[in-house]
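I opened my notebook to get to know a new structure. Come and look along with me.

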Number of protein chains: 2
Amino acid sequence: METKDYFRYIVNEIHTVVVATVDNEGFPVTAAIDMLDTDDRSLYFLTAKGKEFYDRLKKRKFLAFTAMKGKDTMSRVAVSVRGKVKELGYEKIPQLFEMNSYMYEIYPTDESRQALTVFQIYEGTGEWFNLSKKPIERESFVFGKENMETRGYFITDNCIGCNKCVEVCPQTCIITATIPYIIEQNHCLHCGNCLTVCPMSAVERR
Amino acid sequence: METKDYFRYIVNEIHTVVVATVDNEGFPVTAAIDMLDTDDRSLYFLTAKGKEFYDRLKKRKFLAFTAMKGKDTMSRVAVSVRGKVKELGYEKIPQLFEMNSYMYEIYPTDESRQALTVFQIYEGTGEWFNLSKKPIERESFVFGKENMETRGYFITDNCIGCNKCVEVCPQTCIITATIPYIIEQNHCLHCGNCLTVCPMSAVERR
């Protein structure tokens, strides 16, 4: 899937996500927020200017969120996004309310909507994580100008093929056909068990 | 409801929550995590020692999470918790796997479970937020030694009863029987519209 597919999935299939910002003391704060629209390259949500959430967005201009779907852990799909935000103001509010008419129940009067403002998540990285597949599946994506963030673990030339990493890998996603061994990135749980047990310190984080 | 009721609701009715930690640069990171058990005073979850998530927990010893339930925004219940965490180690792992047997599918072998470790969220604050009620309902709670965190907005003696706040309040939760007006805390959306429009600066954040 491409970035636009992930964004459409977030807006149309999940919609309410959990957003994290950071407070003045450097500690995380979470809240449920609806992703109201996408133009395939970015995401749009709204908040009220009187909220502390608004102040945190204006200060750091950054957020992280995870969108989840699935009735239990083993059928779960999660999309996590981290990126930069900018405030667009009131202009897009009427359009977002038309597209998401339940918002009229939360802010029912014109007066109550005057202090609302739209934010755009315009640049960042994301990860799709599917626990319903065996082995699990994950994909990274990027939007805006951000370079692809490479995460996870890889095995260096220090590998001696001793198999200790294979023994502790919960997803059996280490290919042993050649030395150094190779981690199948799209099936890796990122548990880091391989890094923990390797006697040669051959496993490194990206 | 009491803290133990919120914790039981999180573990038994929601289970998978979105947890936020903060990276070395001070930016938030989110991920889906299962809350596996509660003793009515704290919550328990596990992670692997090789994960970056583990390093962030060890460094800040703090997390925030939001647990959501409901098929759409207007039927949504969300419980948000912020608090201190401590690592308990491997001892409780077998018990947590017995209670949550699907975890055997993610970490299927004894070897793959050796680097797992349990964390306890032992002190903090929480908020219950119910958007399915009109006006909305919210309740705060506390656990461990943390003092109750009072959030939201209140109206000071500067209030002149001009009614501007009433006009912009989306939840009509400002009582005008006496001056200063009073905000019904358990129905307040925390949008801060009242603070934004008050000509007397009579509305303050707690």
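Before counting anything, I wrote down that a salt bridge is a side-chain nitrogen of Lys or Arg within 4 Å of a carboxyl oxygen of Asp or Glu. I noted that this is a predicted model, where local features need pLDDT of at least 70, side-chain atom pairs count only at pLDDT 80 or more, and totals for chains, interfaces and linings use all residues. Residues are numbered from 1 along each chain as its sequence is written, chains are lettered from A and ligands numbered from 1 in the order in which they are written, and side-chain values use heavy atoms, with hydrogens and water left out.

**Entry: between the chains**

I looked up the salt bridges between chain A and chain B and found eight. One I picked out joins the side chains of A:Lys134 and B:Glu105, at 2.6 Å from N to O. By class, the side of chain A that touches chain B has 28 nonpolar, 16 polar and 15 charged residues. Here Ala, Val, Leu, Ile, Met, Phe, Trp, Tyr, Cys and Pro count as nonpolar, Asp, Glu, Lys and Arg as charged, and the others, Gly among them, as polar.

Next I looked up contacts, meaning heavy atoms within 4.5 Å. In those terms, 59 residues of chain A touch 58 residues of chain B. I also saw that 98% of the interface residues of chain A are interface residues in chain B too, so the copies meet through the same surface.

**Entry: how the copies are related**

**Entry: chain A by itself**

The C-alpha atoms of chain A fill a box of roughly 70 × 35 × 30 Å, taken along the principal axes. I found that 55% of its 206 residues are buried, which here means under 20% relative accessible area with a 1.4 Å probe, protein chains only (exposed is over 50%, partly exposed in between).

**Entry: a stop at B:Glu127**

Is B:Glu127 buried or exposed? I found B:Glu127 buried, with a relative accessible area of 18%. Leaving aside neighbours within four places in sequence, its contacts include B:Ala78, B:Phe141 and B:His190. I also noted that the C-alpha atoms of B:Glu127 and B:Arg151, 24 residues apart along the chain, are separated by 9.7 Å.
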